[in-house]
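The points are grouped by topic and may be read beside the structure.

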Amino acid sequence: MKNQAESVVHLRAARLEDAEAIEAVRVEGWRLAYRGIMSDAFLDGYTADPEHRRRRMIEGSADNVAELVAEDVDSRIVGWIVASPADRDDDLDPSKVGEIDACYVATSFWGCGIGRELMSAALVALADAGYGDVTLWVLRDNVRARAFYESLGFRPDGHEKTHDFAGVVTSVRYRRHAGSPD
């Protein structure tokens, strides 16, 4: 897979016309990463919604500190990340704490370093924007993602919440200081 990682030429700001490709990466990631955590029926029926993604991109564009995609040499989107103020959690001050809202990499590129590049860029962007800390939410049973975030210095901060995705799942909030993970 190393050759695939070398084929990623750059990160760039996400654009509205990327919505379909972003959704494809996101849904593919859900279907593989959450298999065994969420019901197969739910995941098999989970579909991309590019129009919804475009609306979210427009609505969030003023608040997002960074919304980036990773492209390969053929200009295919193989990763996506969104970083913004942490305004979804009532116990956090969104003027001081940023959040990684989403981070997905095409499954054929898992383990190639693309997620790390996206996270590094987002963490630096949050630090440059004046955020001292960064949070993210991850499914408690998503062992692979938790190990990835922990390798970047994120740690559980004791907060959890549940969601009903045709069955109850629990998310754990992680936190770390903003800035480069290196």
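Two strands are taken to pair if DSSP finds at least two bridges between them. The model described here is predicted.

**Strand pairing around strand 3**

- Strand 3 is mostly covered, with 9 of its 9 residues buried.
- Strand 2 pairs with strand 3 in the antiparallel sense, over 6 bridges.
- Within that pairing, glutamate 67 has valine 82 of strand 3 as its bridge partner.
- Strand 3 and strand 4 also run antiparallel, and 7 bridges join them.
- Here the bridge partner of alanine 83 is isoleucine 100, in strand 4.

- Most residues other than glycine have a negative phi.
- Alanine 166 counts as exposed because its relative accessibility is 57%, and the cut-off for exposed is over 50%.

**The largest pocket**

- The largest pocket has a volume of about 1400 Å³.
- Its lining consists of 50 residues, and Tyr34, Asp101, Ala102, Cys103 and Tyr104 lie nearest the centre of the pocket.
- Elements that each supply at least two lining residues include helix 2 (19-33), helix 4 (50-60), strand 4 (97-105) and helix 5 (114-128).
- Strand 3, strand 5 (133-139), helix 6 (143-151) and strand 6 are also among the elements that each supply at least two residues of this lining.
- Strand 4 provides the largest share of the lining, 7 residues.
- By class, 26 residues of the lining are nonpolar, 11 are polar and 13 are charged.

**Aromatic pairs**

- The model has 9 aromatic pairs.
- Tryptophan 30 and phenylalanine 42 form a tilted pair, with 6.5 Å centre to centre and 45 degrees between the planes.
- This pair links distant parts of the chain, as tryptophan 30 is in helix 2 and phenylalanine 42 is in helix 3 (residues 40-45), 12 residues apart.
- Tryptophan 30 is buried because its relative accessible area is 10%, and buried means under 20%.
- Phenylalanine 42, at 22% relative accessibility, counts as partly exposed.
- Phenylalanine 148 and tyrosine 149 form an aromatic pair that is tilted, at 5.4 Å centre to centre and 55 degrees between the planes.
- Phenylalanine 148 counts as partly exposed at 24% relative accessibility, whereas tyrosine 149 is buried, with a relative accessible area of 9%.
- Trp30, Tyr34, Phe42, Tyr46 and Phe165 are linked into a cluster by ring pairs.

**Charged side chains over rings**

- Lysine 161 lies over the face of tryptophan 137, at 4.2 Å from the ring centre.
- Arginine 176 lies over the face of phenylalanine 154, at 5.9 Å from the ring centre.

Terms used
Residues are numbered from 1 along each chain as its sequence is written. This is a predicted model: local features need pLDDT of at least 70, side-chain atom pairs count only at pLDDT 80 or more; totals for chains, interfaces and linings use all residues. Side-chain values use heavy atoms; hydrogens and water are left out. Buried means under 20% relative accessible area, exposed over 50%, partly exposed in between (1.4 Å probe, protein chains only). On a 1 Å grid over the protein atoms alone, a cavity is a set of points where a 1.4 Å probe fits but cannot get out, and a pocket is an open set with protein on both sides within 12 Å along at least five of seven lines; lining residues have an atom within 4 Å of a point. Grid points are joined across faces, edges and corners, and a volume is the space filled by probe spheres set on the points. Helices (H or I, at least four residues) and strands (E, at least two) are DSSP runs, numbered from the N terminus. Ala, Val, Leu, Ile, Met, Phe, Trp, Tyr, Cys and Pro count as nonpolar, Asp, Glu, Lys and Arg as charged, and the others, Gly among them, as polar. Rings of Phe, Tyr and Trp (its six-membered ring) pair if their centres lie within 6.5 Å; planes under 30 degrees apart count as stacked, over 60 as edge-to-face and the rest as tilted. A charge sits over a ring if NZ of Lys or CZ of Arg is within 6 Å of the ring centre and within 35 degrees of the ring normal.
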